[in-house]
Each structure stands twice: as C-alpha cells, then as structure tokens.
Amino acid sequence: MYKIRQAMKEDISRMAEIEEICFSESEAAPLESFKKRFSAFPECFFVLESGGIVVGHINGCIYNAPELPDALYSDSNLHCPQGGYQTVFGLAVDPEYQNLGYASALIKYFIAFSQNRKHKGMVLTCKDHLVKFYQSFGFIHQGVSDSSHGGAQWNDMLLTF
C-alpha cells in the first residue's frame with residue numbers, strides 16, 4: 001500500500017538522498033538545489049510513501065514553452081507559475097522499492113495534477129532506456145535533446161493535453 005502526497009519541507013533531505021542513489025553524481029540534484037527549488041515552487045513536488053516511508057518523488061517547475069532547457073535546473077527564477085507546461089526535473093524511486101509500479105503511479109499522478117491545473121502539456125528529458133516507459137503514458141519522443149545536463153545524452157519527451 002502506498003500514498004502519494006504533496007511534499008513538505010521535512011521531505012527534502014530524503015528526496016535528495018533518493019536522487020543521489022538513482023542518478024550519477026553529475027546528474028543528481030544536490031540537497032541545496034532541492035531546497036532552492038522547493039522554496040520557489042513547492043506545489044510541484046510530490047512524494048510517494050510506502051509504509052510511512054518516503055520511497056519516491058517527482059518534481060519540476062512550470063515553464064512557458066514545451067521544452068526543458070538546462071538553465072531551468074539551476075535557476076529557479078525561470079519558474080513561470082502561469083506557464084503552460086509542467087516540466088519533470090526528476091522522477092526517482094529508491095532501488096529497494098523499484099519494480100512495484102511506483103514510478104508509474106508518480107508520473108500518472110503528476111500528469112493528472114498538471115491536467116487539473118489546465119496546463120497545455122508536460123515535458124521531460126530521459127535516457128534511451130526510458131523512452132518506451134514514457135511513451136506508454138502518451139509522451140512523444142521529440143528526438144535527442146540539446147541538453148548536456150550531467151554530461152549525459154538525453155531525449156526530449158512531450159505530452160500534450
């Protein structure tokens with residue numbers, strides 16, 4: 001049994017911990033970034049609890065174009081509360097709790113949240129092995145991203161509502 005809820009300030013260190021486990025050092029958002037982002041757009045942070053423990057999270061800012069430029073990761077002032085597109089900075093589930101459908105539950109929840117807020121769509125970047133995962137939720141593969149975040153190659157994904 002799990003529960004998805006709005007993240008609280010007390011969840012931020014656990015979210016950063018999960019991020020650190022799931023992404024390489026150059027790709028993972030450090031604790032300070034999580035704190036800055038959360039203070040700028042807390043309404044876009046959600047956690048998944050299993051047995052009362054935070055085991056996964058999803059978050060991102062709102063932007064005015066269907067893209068996810070690298071500058072958004074470091075400059076929380078680029079968050080556009082009235083923008084049309086929800087971005088996904090990170091979706092991560094503690095490896096001990098993976099393969100239980102939690103990542104799917106989080107992305108479905110975030111999509112519904114964004115639709116309820118009348119956004120035009122959702123954008124994210126992902127590695128090659130996750131393209132099909134996101135396509136299963138209706139995301140369209142836009143091609144290889146211009147992003148050089150963490151020195152990795154990413155794919156642009158767009159879901160239009």
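When I say buried, I mean under 20% relative accessible area, with exposed meaning over 50% and partly exposed anything in between, using a 1.4 Å probe on protein chains only.

Hi everyone. What you see above is a predicted model, where local features need pLDDT of at least 70, side-chain atom pairs count only at pLDDT 80 or more, and totals for chains, interfaces and linings use all residues. Residues are numbered from 1 along each chain as its sequence is written, and side-chain values use heavy atoms, with hydrogens and water left out.

Let's start with helix 2. The helix spans residues 31-40, and Ser33, Phe34, Arg37 and Phe38 are its buried residues. Looking down the axis of helix 2, these buried residues fall within an arc of 130°, so they line one face of the helix; the arc is taken from the directions from the helix axis to the C-beta atoms. On the face turned away from that buried side you will find Lys36 and Ser39, both exposed.

What do the buried residues of helix 2 pack against? They pack against helix 1 (12-22), strand 2 (45-50), strand 3 (53-59) and helix 3 (71-74), where contact means heavy atoms within 4.5 Å.

The partners are Glu32 and Lys35, at 3.7 Å from N to O. Both lie in helix 2, three residues apart, about one turn of the helix. Glu32 is partly exposed at 49% relative accessible area, and Lys35 is partly exposed at 43%.

Now for charges elsewhere. How many salt bridges does a search of the whole structure find? The search finds seven. One of them joins the side chains of Glu49 and Arg5, 2.8 Å from N to O. Glu49 sits in strand 2 and Arg5 in strand 1 (residues 2-6), so this pair ties together parts that are 44 residues apart in sequence. Glu49 is buried at 13% relative accessible area, and Arg5 is buried at 14%.

Another salt bridge pairs Glu27 with Lys127, with the closest N and O atoms 2.9 Å apart. Glu27 belongs to the loop between helix 1 and helix 2, and Lys127 to the loop between strand 7 (121-126) and helix 5 (131-135), so the pair ties together parts 100 residues apart in sequence. Glu27 is buried, at 10% relative accessible area, whereas Lys127 is partly exposed, at 25%.

Rings of Phe, Tyr and Trp (its six-membered ring) pair if their centres lie within 6.5 Å, with planes under 30 degrees apart called stacked, over 60 edge-to-face, and the rest tilted. By this rule the count is 13 aromatic pairs. Among them is the edge-to-face pair of Phe46 and Phe110, at 5.9 Å centre to centre and 70° between the planes. Phe46 is in strand 2 and Phe110 in helix 4 (residues 102-116), so to speak distant parts of the chain, 64 residues apart. Both are buried. Ring pairs also link Phe34, Phe38, Phe41, Phe45, Tyr73 and Phe89 into a cluster.

Last, two glutamines. Gln86 is in strand 5 (residues 85-88) and is buried, at 0% relative accessibility. A polar atom of the Gln86 side chain lies 3.2 Å from the backbone oxygen of Cys61.

Gln6, in strand 1, is partly exposed at 34% relative accessibility. Which backbone oxygens lie 3.1 Å and 2.9 Å from a polar atom of the side chain of Gln6? The 3.1 Å one belongs to Pro42, and the 2.9 Å one to Glu43.

Technical notes: Helix = DSSP H or I, 4+ residues; strand = E, 2+ residues; numbered from the N terminus. Salt bridge = Lys/Arg side-chain N within 4 Å of Asp/Glu carboxyl O. Polar contact = N/O pair within 3.5 Å; in protein donor to acceptor, adjacent residues only side chain to side chain.
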